[in-house]
Amino acid sequence: MHIYSDIKYTLRGLAKKPGFSALAILVMASGIGLSVYLFSFMNVMLFKPMPFEGGERFIQVFTSQNGSRIQGMLNLHDYHEIKQNLTGVSTLSAYRNQTVTVSQQGGTRRVEATDSRANIFSFTQTQPIIGRTFSEAEDKVGAPRVVVIGYELWQNMFAGQANILNQSLRIDNEPHQIIGVMPEDYFFPYNADLWRPLRDNIEQVSREANAQVRGLLLRDEDTSITELNQQLKLIMQRLEARYPTANNGIGAYALTPNMISADGGMAVAYTMHIAAVLILILASVNVGNLLLSRAVERSHETAIRVALGAPKGRLISQLLWESIIICSLGGFIGLCMIGWGLEVTQVITNQFYTDRPPFWWQFGIDAYTLKLFFAFLLATILITGLLPALKSVNGDFNAVLRDGTRGALGKNAGRLNKLLVIGEIFLSITILLVAAVIIIASKKATEANYGANIDNVMVSRVQLPDNQYDTAERKVAFVNTLKASLASAPQFKQLIIASALPGMISHRPSIAVEGKEYIQQGKASYPRVNHIAVSAGSLKHLEIGLIAGRYFNLADDQPNTHTVIVTQSFVTQFMNTEQPIGKRVRVINDSTDTLQWATIVGVVEHTIQTRPNRIEASMPSIFQPYSQTPRDSMVIATRINGKITPTANTLRQAVQTIDPQLAIYHVELYNAALARYMAPLAFVSNILGLFGLASFVLAGCGIYGVMSNTIVQRLQEMGVKRALGANEHHIMREFMYSSTKQLLWGLIPGLGIGIALGFAMSTTLNVSLFELLSIACILTVGLAGVVLIATYIPTKRALDMEPSHALHYQ
Amino acid sequence: MSDLIIKLDNMSKVFFADDLETHALNKISLEVAKQEYIAISGPSGSGKSTLLSVLGLLDTATDGHYHLADHLVSNINKTERARIRNREIGFIFQSFNLISDLTVEENVELPLTYRTDLSKSQCKDKVSNALKKVNMLHRVSHYPSQLSGGQQQRVAIARAIAGDPKLILADEPTGNLDSKNAHDVLQLLDELHRDGATICMVTHDPRSAQRAQRNIEVLDGRIVLDQPTTLNNAAVSA
C-alpha cells in the first residue's frame with residue numbers, strides 16, 4: 001500500500017515538472033544507451049565466443065617476428081612440431097584461406113576457399129546438410145580432388161539442386177568432386193564458401209619450400225592462453241636453435257579468433273571500455289545532481305514529514321522511487337536506442353568488407369547486452385538515488401523548520417555540488433581526450449598522403465591460379481598479353497599493374513644493401529621493406545613523384561635485368577648520405593636465400609603500404625618490374641574520366657579473352673577502396689566522436705545545472721554579502737574564483753588520466769605526443785570556457801535580483 | 001549641511017506580479033535626524049520591511065526621492081549603492097545571516113574586505129574593536145554553528161558596526177532570541193546609540209519599540225503614526 005502511494009506521489013511530482021523529468025530521462029537514456037551500446041559492440045567484435053559449443057576455447061596460432069606480433073602464418077613443419085609437442089589441447093588443425101575462381105555452367109565467380117585438414121569440421125561439430133566432409137585419406141597429395149561447398153554457393157551456382165553430390169566443380173581450372181554441402185550461414189573458420197583438403201604434408205613438402213598454414217586449436221578447459229603461449233614460446237625457441245637461419249627471430253603465439261581484428265589495438269579497445277563507463281558515470285552524476293536539487297528544493301517538505309514521524313526508510317524509499325522511475329524510463333529508451341544502434345552497426349560493418357564480415361559479427365540485443373543493461377540500470381538507480389536520498393534525510397531538519405530556509409541541508413548539498421562539478425570536469429576531460437585522440441587519428445588517416453594521386457582511378461584484382469600459372473614466364477606472359485590487349489583501349493592509356501598500390505599491404509621481405517654489414521646471421525637481422533612488383537609506367541601513372549633517376553621502362557623487362565626503384569624513405573633509413581642511383585639492393589626471399597642483386601635506377605616519394613595510422617606506414621618500399629618479380633595476385637588499375645562500369649567491362653572482356661577461367665574482382669574506385677580500409681577506424685572515430693559530444697553536452701549541462709543549483713542555494717548568502725556592501729564584481733569574482741578552483745581540481749587529475757589513456761592509444765593510432773598535448777590544451781580551454789560560462793550566466797541572473805529579494809529568497 | 005541622515009519624499013514601492021499591483025509603500029515621507037533611534041512597527045505585510053530595504057538601498061523605490069546624508073541616492077547605480085551600503089550602513093537581521101563557512105572573525109571582517117581604503121592591520125583593529133564592543137572577542141575562531149542565537153546576533157551586530165557606519169538598520173533583531181538574549185541585544189543597541197549611532201529598527205515587539213526615541217507605525221504602506229516613545233523619553237528625562 002505504501003509502495004503504491006509512494007509511486008503515485010512520485011509520478012505526480014514528475015508530471016508537475018515535465019521539463020525536469022524529460023531532461024533527467026533523456027540524460028539517463030543517453031548514458032545507459034551509449035555505454036551499453038559500446039560494451040555490446042566491443043563484445044561482438046572482440047570477446048564473444050564463436051557460436052559453437054566450446055567456441056570460447058577456439059584458438060588461432062600465429063607467428064611473431066622478433067617478438068612483434070605480426071599475425072604471420074606457420075611453416076607447415078613448425079605446425080607439425082607444435083602439434084606433436086603442445087599439451088592441453090584436444091584438437092589441432094591447419095588451414096589456409098585463399099581466393100579461388102570457380103566455374104560451372106552457372107558462370108565463373110571468385111569465392112573464398114579454405115584448404116584444411118580433415119578435422120577442421122570437428123571444431124564446430126557441424127554436419128553437412130548433404131553428403132559428407134572429407135576424410136584424412138583425402139588430405140594427401142595424389143588423392144582425388146574433392147570439395148565441400150557452402151550453402152550459398154550451392155544455391156547460387158547450382159540452384160540448390162538435390163543431386164549435387166558427385167557433380168564436378170572447376171576450381172582454378174581443376175575439376176573437383178563435390179562431396180558435401182554445409183548448412184546455411186556456415187563459413188567457419190572465417191568466411192569460407194568452400195572447403196578442400198589441404199593436401200600439403202611434411203613428407204612431401206620440404207621445410208625450405210615454406211608451405212604456410214594457419215594453426216587452429218581447441219584448448220582444454222583447464223589450459224589458459226597464457227599457458228599455451230608459454231609452451232609455444234619454448235617450442236619455437238627449440239626450433240630456432242635447430243634451424244637458426246630459417247627460424248631466426250620467429251616465435252608463435254595464441255589468440256582467440258575474434259581478437260584478430262584488434263590484435264595490437266587492445267589499448268584502444270580497453271580505453272573505449274573505460275570511456276563507456278565514464279559516460280555512464282557522467283550521466284548518473286548529472287541525474288543525481290538533478291535529483292539532489294529536487295531533494296534540496298523539497299527539504300522543507302521532508303522536514304515536515306520527519307516532524308510528523310516518517311521513518312527514515314520510508315523517506316529514502318520515496319526519494320528512491322523517483323530515481324527508479326527516471327532510470328527505468330531512461331533505460332527503456334536507451335535500450336531502444338541500443339537495438340537501433342546495433343542494427344545500424346550491422347549494416348555499417350558489413351561495408352567494411354567487399355564480401356562479408358567475419359560470420360560471428362552478429363550485432364543485436366543478445367543475452368550479454370541484456371545482462372549488462374540490467375546491471376547498469378541497477379547501478380545508475382543506486383548512484384542517482386541513494387546519495388541524494390541519504391543527503392536529504394540526514395539534514396538538520398530542525399534548522400530547516402525553524403528558519404524556513406535550506407539551512408544546514410543547503411550547506412551540505414553545497415559541498416556535494418562542488419564534488420559533482422569536479423567529478424563532471426574530471427570525467428568529461430578524460431572522455432574528451434580519448435575521443436579526440438581517435439578522431440585525430442581517423443582524420444589524419446583519412447586525409448593521409450599515400451604518395452600517389454588516388455583520384456579517378458579504377459582498381460580491380462585478379463588472382464592467377466598457381467596450378468595453371470606455375471612459372472614466372474606464364475605469369476609474365478599473362479601480363480604482357482593483357483597489356484597488349486588493352487593497348488588500343490582509350491580507357492587504359494594509363495594502365496597500372498602492380499602487386500599492391502599505395503595504401504594496400506604488400507609483401508615485406510628482408511633486404512640487404514650493398515656494402516652494408518649486418519650483425520647477425522639470419523633474416524631477422526636484415527631490415528624489412530615493402531617489395532612491390534609494378535609494370536613499366538605504373539609509378540608514373542600513379543603520379544608517385546620521381547626524385548632522382550628514372551621510372552621503369554621497357555628496357556627493365558629484358559631478360560637478366562635486375563633493377564629497382566626505392567622510396568626516399570628507403571634512402572633516408574638505409575643509405576645515409578650516399579648517392580643511391582647505381583647502388584645495389586638484394587631481396588632475401590623467404591624460401592631460398594637467393595643472392596640476386598638489383599641496381600637502383602630511381603628514387604620516388606615515400607608511399608604508404610598499409611593503413612596510414614599503422615606504425616608500418618613509415619616502412620620504406622622498393623619497386624621492381626613485374627617481369628623480374630612476377631606475382632599470383634595483382635591489382636589492375638587505370639585512371640578514368642567517366643563511369644567505372646564500361647572500363648570494368650572492357651577489362652573483364654580482355655581478361656576473359658586471355659583466360660576464360662579468370663575472374664576480375666573487387667572492381668571499385670581507388671579512393672573508395674582506401675576509404676573502405678579506413679572505415680573501421682572512421683566508424684570507431686564516429687562513435688567516440690558521439691561519445692565526446694555527448695560528454696561535452698552532458699558535462700556542460702551538468703555543470704550549468706550544478707552551478708545554478710549552487711547559486712540558488714547561496715542566494716541568501718549573496719543577499720547578505722550585498723547588504724554588507726559587496727558589489728556585483730565582488731560576488732562575480734568570488735564565484736568565478738570558486739569555479740576556477742573546482743575546474744582545476746577536476747581538470748588536473750582528468751588531464752593526467754586522459755593523457756595517460758591517450759598515450760596508451762597513441763602508439764597504435766600514430767598520434768604524436770605533441771598532438772596529444774595540443775589536444776589537451778585545446779580541450780582545457782574549451783572546458784574552462786564551459787565552466788566559466790556555466791558560472792557566469794546563473795550568477796549574473798542572481799545578481800540581477802535586488803539584494804532584498806535575495807535575502808528573503810526561499 | 002543638515003542634521004538629517006534620512007529624508008524620504010513621497011516614496012512609493014509597487015510590486016507587479018501576474019497583473020496584480022501591490023503598493024508596499026505608498027508615498028511615504030520621512031525624516032530621520034543624525035544620532036536618532038527610531039522604531040518602525042506595524043503588522044505583517046504593512047510594508048515595514050520594504051521600507052527598511054529601501055532605506056538600506058537593498059531595494060529601489062518605484063517613485064519618490066531618497067536623500068541619505070544629504071546625497072540623493074534614489075537614482076544611483078548598483079555599484080554606488082553597494083559602496084554606500086558598505087561604508088555608510090550597517091545591517092542587523094532577524095536570522096543573523098552569518099556566513100556558516102566563515103569564522104566569527106572572518107564574518108565580522110567580511111564587509112571590510114570589500115573596501116580598498118583599509119590596510120590589513122586596520123581591518124584587524126576594527127574587527128577587534130567591534131567584537132570587543134559586543135563582548136565576543138573570546139570566540140573569534142568559532143563558526144556560527146558553534147554559537148548560541150544570542151551570540152550569533154552579537155557577532156552580527158559587530159559585523160554591522162565594524163566599518164563605523166552612519167546608519168544602523170536592524171530588522172527584527174530580537175525576533176529569533178529568547179527574552180534574556182533579546183534584552184542583551186537591545187542593550188547593545190542602546191549603547192551604540194549612546195555612542196552616537198543612528199539606528200532604525202523594525203520590530204513587532206512594543207517593548208522593544210519603546211526603547212527607541214521615536215516610533216513610526218506603518219499600515220498598508222503608509223505611515224499612520226509618528227511620535228516620540230514615552231518610555232525612552234521618560235528614561236532620557238530621568
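Visitor: What is the order of the strands in the open sheet of chain B?

Guide: This is a predicted model, in which local features need pLDDT of at least 70 and side-chain atom pairs count only at pLDDT 80 or more, while totals for chains, interfaces and linings use all residues. Residues are numbered from 1 along each chain as its sequence is written, and chains are lettered from A and ligands numbered from 1 in the order in which they are written. The open sheet has 6 strands in the order β6-β7-β8-β3-β9-β10 (chain B), with mixed pairing. Strands (E, at least two residues) and helices (H or I, at least four) are DSSP runs, numbered from the N terminus.

Visitor: Why do β6 and β10 of chain B stand at the edges?

Guide: β6 (89-92) and β10 (222-228) of chain B each have a single partner strand, so one side of each is left without a neighbour in the sheet.

Visitor: How do you know that β3 and β8 of chain B pair?

Guide: Two strands pair if DSSP finds at least two bridges between them. Strand β3 (residues 37-41) of chain B is joined to β8 (residues 198-202) of chain B by 4 bridges, so the two pair, and they run parallel. Y37(B) stands opposite I199(B) in β8(B).

Visitor: What lies across these strands?

Guide: Helix α1 (residues 48-55) of chain B lies across β3, β7 (167-171), β8 and β9 (214-219) of chain B, at about 150 degrees to β8(B). Axes are lines fitted to C-alpha atoms, for helices over the stretch in contact, with angles from 0 to 180 degrees between N-to-C directions.

Visitor: What makes β1 and β2 of chain A a pair?

Guide: There are 3 bridges between β1 (residues 58-65) and β2 (residues 68-72) of chain A, which meets the requirement for a pair, and the strands run antiparallel. S64(A) has R69(A) as its bridge partner in β2(A). The two strands form a hairpin with 2 residues between them, and N66(A) in the turn has a positive phi of about 55 degrees.

Visitor: Why is T607(A) called buried?

Guide: A residue is buried if 20 or more other C-beta atoms lie within 10 Å of its own, exposed if 12 or fewer, and partly exposed in between, with C-beta atoms placed from the backbone. T607(A) has 28 C-beta neighbours inside 10 Å, so T607(A) counts as buried. Its place is in the loop between β20 (597-604) and β21 (621-625) of chain A. Buried residues make up 46% of the 810 residues in chain A.

Visitor: Which residues is T607(A) in contact with?

Guide: Two residues are in contact if their C-beta atoms, placed from the backbone, lie within 7 Å. Leaving aside neighbours within four places in sequence, the contacts of T607(A) include Y450(A), P502(A) and S621(A).

Visitor: How many residues of chain B touch chain A?

Guide: 20 residues of chain B are in contact with 17 residues of chain A. On the chain B side, α2 (78-88) and α3 (104-113) each supply at least two residues, and α2(B) gives the most, with 7 residues.

Visitor: Where are the domains of chain A?

Guide: Domain 1 covers 2-45 + 265-447 + 677-807, domain 2 covers 55-255 and domain 3 covers 465-661. These bounds come from an automatic or database domain assignment. The centres of domain 1 and domain 3 of chain A, taken over C-alpha atoms, are 54 Å apart. Their contact takes 8 residues from domain 1 and 7 residues from domain 3.
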